Amino acid sequence: MSFSAWLSAHYEEKGPVVWLAFFLELVAAITLFFMMMLTCADVFGRYFLDNAVDGATELTEMSLAILVFAEMPVITWRGGHVVVDILDRVLGSTVIKVLGLLSALLISTSLYFLAVRIHELAVRSNSRGEVTEFLQVPVGYIVEYIAIMSWATAALMISYGIYRLLFLSRD
(Lines give C-alpha, C1' and ligand atoms only; values in the text may rest on other atoms or scores of the structure.)
Protein backbone atom coordinates (compact mmCIF):
# COMPACT_ATOMS: atom_id res chain seq x y z
CA MET A 1 0.00 0.00 0.00
CA SER A 2 1.40 3.38 -0.98
CA PHE A 3 1.68 6.22 1.47
CA SER A 4 -0.97 8.28 -0.34
CA ALA A 5 -3.40 5.35 -0.23
CA TRP A 6 -2.71 4.86 3.47
CA LEU A 7 -3.21 8.56 4.10
CA SER A 8 -6.56 8.69 2.29
CA ALA A 9 -7.71 5.51 4.06
CA HIS A 10 -6.90 6.84 7.54
CA TYR A 11 -7.80 10.54 7.20
CA GLU A 12 -11.26 11.87 6.40
CA GLU A 13 -9.95 15.28 5.31
CA LYS A 14 -9.49 16.05 1.62
CA GLY A 15 -7.05 18.21 -0.30
CA PRO A 16 -4.15 19.99 1.36
CA VAL A 17 -5.85 19.81 4.77
CA VAL A 18 -5.06 16.09 4.95
CA TRP A 19 -1.34 16.89 4.77
CA LEU A 20 -1.67 19.57 7.42
CA ALA A 21 -3.57 17.18 9.70
CA PHE A 22 -0.98 14.46 9.09
CA PHE A 23 1.90 16.85 9.80
CA LEU A 24 0.35 18.15 13.04
CA GLU A 25 -0.44 14.64 14.24
CA LEU A 26 3.09 13.56 13.34
CA VAL A 27 4.46 16.44 15.44
CA ALA A 28 2.19 15.39 18.31
CA ALA A 29 3.18 11.72 17.99
CA ILE A 30 6.90 12.46 17.91
CA THR A 31 6.51 14.80 20.89
CA LEU A 32 4.58 12.18 22.83
CA PHE A 33 7.24 9.56 22.03
CA PHE A 34 9.93 12.01 23.18
CA MET A 35 8.05 12.60 26.43
CA MET A 36 7.76 8.86 27.00
CA MET A 37 11.46 8.30 26.40
CA LEU A 38 12.37 11.29 28.59
CA THR A 39 10.23 10.00 31.44
CA CYS A 40 11.72 6.51 31.15
CA ALA A 41 15.26 7.88 31.11
CA ASP A 42 14.52 10.18 34.03
CA VAL A 43 13.00 7.41 36.16
CA PHE A 44 15.77 4.97 35.23
CA GLY A 45 18.41 7.57 36.06
CA ARG A 46 16.82 8.46 39.39
CA TYR A 47 16.39 4.93 40.69
CA PHE A 48 19.34 3.08 39.19
CA LEU A 49 22.02 5.71 38.58
CA ASP A 50 21.14 8.21 41.34
CA ASN A 51 21.12 10.96 38.71
CA ALA A 52 18.03 12.41 37.04
CA VAL A 53 17.91 13.99 33.59
CA ASP A 54 18.82 17.66 33.92
CA GLY A 55 15.93 19.89 32.87
CA ALA A 56 13.44 17.05 32.56
CA THR A 57 10.68 19.17 34.04
CA GLU A 58 11.32 22.00 31.59
CA LEU A 59 11.45 19.61 28.65
CA THR A 60 8.21 17.97 29.77
CA GLU A 61 6.47 21.34 30.10
CA MET A 62 7.59 22.47 26.63
CA SER A 63 6.70 19.12 25.11
CA LEU A 64 3.25 19.22 26.65
CA ALA A 65 2.65 22.67 25.16
CA ILE A 66 3.79 21.46 21.73
CA LEU A 67 1.61 18.34 21.99
CA VAL A 68 -1.59 20.06 23.11
CA PHE A 69 -1.39 22.97 20.71
CA ALA A 70 -0.47 20.75 17.75
CA GLU A 71 -3.67 18.77 18.25
CA MET A 72 -6.02 21.70 18.89
CA PRO A 73 -6.49 22.66 15.20
CA VAL A 74 -6.94 19.02 14.15
CA ILE A 75 -9.54 18.34 16.83
CA THR A 76 -11.35 21.55 15.95
CA TRP A 77 -11.31 20.72 12.24
CA ARG A 78 -12.83 17.30 12.94
CA GLY A 79 -15.39 18.66 15.38
CA GLY A 80 -13.97 16.46 18.13
CA HIS A 81 -14.57 18.75 21.08
CA VAL A 82 -16.73 17.65 23.98
CA VAL A 83 -20.39 18.46 23.37
CA VAL A 84 -23.06 18.39 26.05
CA ASP A 85 -26.31 17.47 24.34
CA ILE A 86 -28.68 17.06 27.28
CA LEU A 87 -31.31 19.42 25.86
CA ASP A 88 -31.00 18.44 22.19
CA ARG A 89 -34.20 16.37 22.26
CA VAL A 90 -36.17 19.13 23.96
CA LEU A 91 -34.95 21.95 21.74
CA GLY A 92 -35.52 21.87 18.00
CA SER A 93 -32.75 21.35 15.46
CA THR A 94 -32.93 25.01 14.39
CA VAL A 95 -32.33 26.18 17.97
CA ILE A 96 -29.46 23.70 18.30
CA LYS A 97 -27.86 25.01 15.10
CA VAL A 98 -28.23 28.62 16.24
CA LEU A 99 -26.72 27.81 19.64
CA GLY A 100 -23.91 25.89 17.95
CA LEU A 101 -23.28 28.81 15.62
CA LEU A 102 -23.17 31.24 18.54
CA SER A 103 -20.81 28.99 20.48
CA ALA A 104 -18.51 28.63 17.45
CA LEU A 105 -18.43 32.41 17.06
CA LEU A 106 -17.82 32.93 20.77
CA ILE A 107 -15.08 30.30 20.97
CA SER A 108 -13.30 31.48 17.83
CA THR A 109 -13.46 35.12 18.93
CA SER A 110 -12.17 34.20 22.38
CA LEU A 111 -9.33 32.14 20.91
CA TYR A 112 -8.41 34.96 18.55
CA PHE A 113 -8.13 37.57 21.30
CA LEU A 114 -6.40 35.09 23.60
CA ALA A 115 -3.85 34.46 20.84
CA VAL A 116 -3.33 38.21 20.42
CA ARG A 117 -2.51 38.50 24.13
CA ILE A 118 -0.27 35.42 24.03
CA HIS A 119 1.56 36.91 21.03
CA GLU A 120 2.15 40.12 23.00
CA LEU A 121 3.62 38.06 25.83
CA ALA A 122 5.85 36.20 23.36
CA VAL A 123 7.17 39.45 21.93
CA ARG A 124 7.82 40.72 25.45
CA SER A 125 9.60 37.48 26.39
CA ASN A 126 11.79 37.64 23.29
CA SER A 127 12.64 41.32 23.81
CA ARG A 128 13.63 40.67 27.42
CA GLY A 129 15.60 37.55 26.53
CA GLU A 130 13.69 35.34 28.96
CA VAL A 131 14.97 31.78 29.11
CA THR A 132 14.13 28.68 31.11
CA GLU A 133 15.86 28.21 34.43
CA PHE A 134 18.05 25.16 33.81
CA LEU A 135 18.33 24.64 30.05
CA GLN A 136 18.39 28.32 29.06
CA VAL A 137 15.87 27.74 26.23
CA PRO A 138 14.22 30.97 25.01
CA VAL A 139 10.64 31.01 26.34
CA GLY A 140 9.30 33.37 23.68
CA TYR A 141 9.49 30.81 20.88
CA ILE A 142 7.25 28.33 22.68
CA VAL A 143 4.83 31.10 23.61
CA GLU A 144 4.77 32.30 19.98
CA TYR A 145 4.02 28.74 18.85
CA ILE A 146 1.06 28.68 21.26
CA ALA A 147 -0.23 31.96 19.80
CA ILE A 148 0.07 30.74 16.21
CA MET A 149 -1.70 27.48 16.94
CA SER A 150 -4.44 29.35 18.81
CA TRP A 151 -4.96 31.58 15.76
CA ALA A 152 -5.13 28.49 13.56
CA THR A 153 -7.67 26.91 15.87
CA ALA A 154 -9.77 30.09 15.87
CA ALA A 155 -9.73 30.19 12.07
CA LEU A 156 -10.72 26.54 11.82
CA MET A 157 -13.47 26.97 14.39
CA ILE A 158 -14.96 29.90 12.51
CA SER A 159 -14.66 28.31 9.06
CA TYR A 160 -15.09 24.57 9.21
CA GLY A 161 -16.93 24.60 12.52
CA ILE A 162 -19.66 26.75 11.05
CA TYR A 163 -19.65 24.69 7.84
CA ARG A 164 -20.18 21.54 9.91
CA LEU A 165 -23.05 23.11 11.80
CA LEU A 166 -24.85 24.41 8.75
CA PHE A 167 -24.26 21.79 6.09
CA LEU A 168 -23.40 18.47 7.71
CA SER A 169 -25.83 16.26 9.57
CA ARG A 170 -25.16 15.53 13.21
CA ASP A 171 -23.58 12.17 14.10
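Which residues make the nonpolar surface patch of about 480 Å²? Hold that thought for a moment, everyone, while I say what we are looking at.

This is a predicted model, so local features need pLDDT of at least 70 and side-chain atom pairs count only at pLDDT 80 or more, while totals for chains, interfaces and linings use all residues. Residues are numbered from 1 along each chain as its sequence is written, and side-chain values use heavy atoms, with hydrogens and water left out.

Back to the patch. Val-95, Val-98, Leu-99, Leu-102, Leu-105 and Ile-158 make it. Patches here are built from residues with over 30% relative accessible area and no salt bridge, joining nonpolar side chains (Val, Leu, Ile, Met, Phe, Trp, Tyr) within 5 Å and like charges within 9 Å. The areas come from the Shrake-Rupley method with a 1.4 Å probe, and for residues only the protein chains shown count as cover. Helix H4 is the biggest giver, with 5 residues. Helices, by the way, are DSSP runs of H or I with at least four residues, strands are E runs of at least two, and both are numbered from the N terminus. Take Leu-102, which is found in H4. Leu-102 counts as exposed because its relative accessibility is 52%; the cut-offs are under 20% for buried, over 50% for exposed, and partly exposed in between (1.4 Å probe, protein chains only).

Now, the inside. The largest nonpolar core has 15 residues, and Phe-69, Ile-118, Ile-142 and Ile-146 have the most contacts inside it. The elements giving two or more residues to this core are H3 (56–78), H4 (93–128) and H5 (139–167). H5 supplies the largest share, 6 residues.

If you click on Ile-146 and ignore its neighbours within four places in sequence, you will find it in contact (heavy atoms within 4.5 Å) with Ala-65, Phe-69 and Ile-118. There is also a second, separate core of 5 residues, including Leu-7, Val-18, Ala-21 and Phe-22.

Next, a word from the records. An unreviewed UniProt entry annotates residues 17–38, 98–119 and 139–163 as "transmembrane region"; such annotations may be inferred rather than shown by experiment, and the positions use our numbering, with feature names shortened. In the model, residues 17–38 are 100% helix and 0% strand, with the end C-alpha atoms 31 Å apart. Residues 98–119 are likewise 100% helix and 0% strand, with 31 Å between the end C-alpha atoms.

Let me finish with charges. How many salt bridges are there? The count comes to 4, taking a salt bridge as a side-chain nitrogen of Lys or Arg within 4 Å of a carboxyl oxygen of Asp or Glu.

One of them joins Asp-42 and Arg-46, at 3.1 Å from N to O. Both residues sit in H2 (residues 16–48), 4 residues apart, about one turn of the helix. Asp-42 is buried, at 11% relative accessible area, whereas Arg-46 is partly exposed at 45%.

Another pairs Glu-120 with Arg-117, whose closest N and O atoms are 3.2 Å apart. These two lie in H4, 3 residues apart, again about one turn. Glu-120 is partly exposed at 41%, and Arg-117 is partly exposed at 43%.

Then there is Arg-128 with Glu-130, at 3.9 Å from N to O. Arg-128 is exposed, at 56%, while Glu-130 is partly exposed, at 32%.

Definitions and conventions:
Core = buried A, V, L, I, M, F, W, Y, C linked by side-chain atoms within 4.5 Å.
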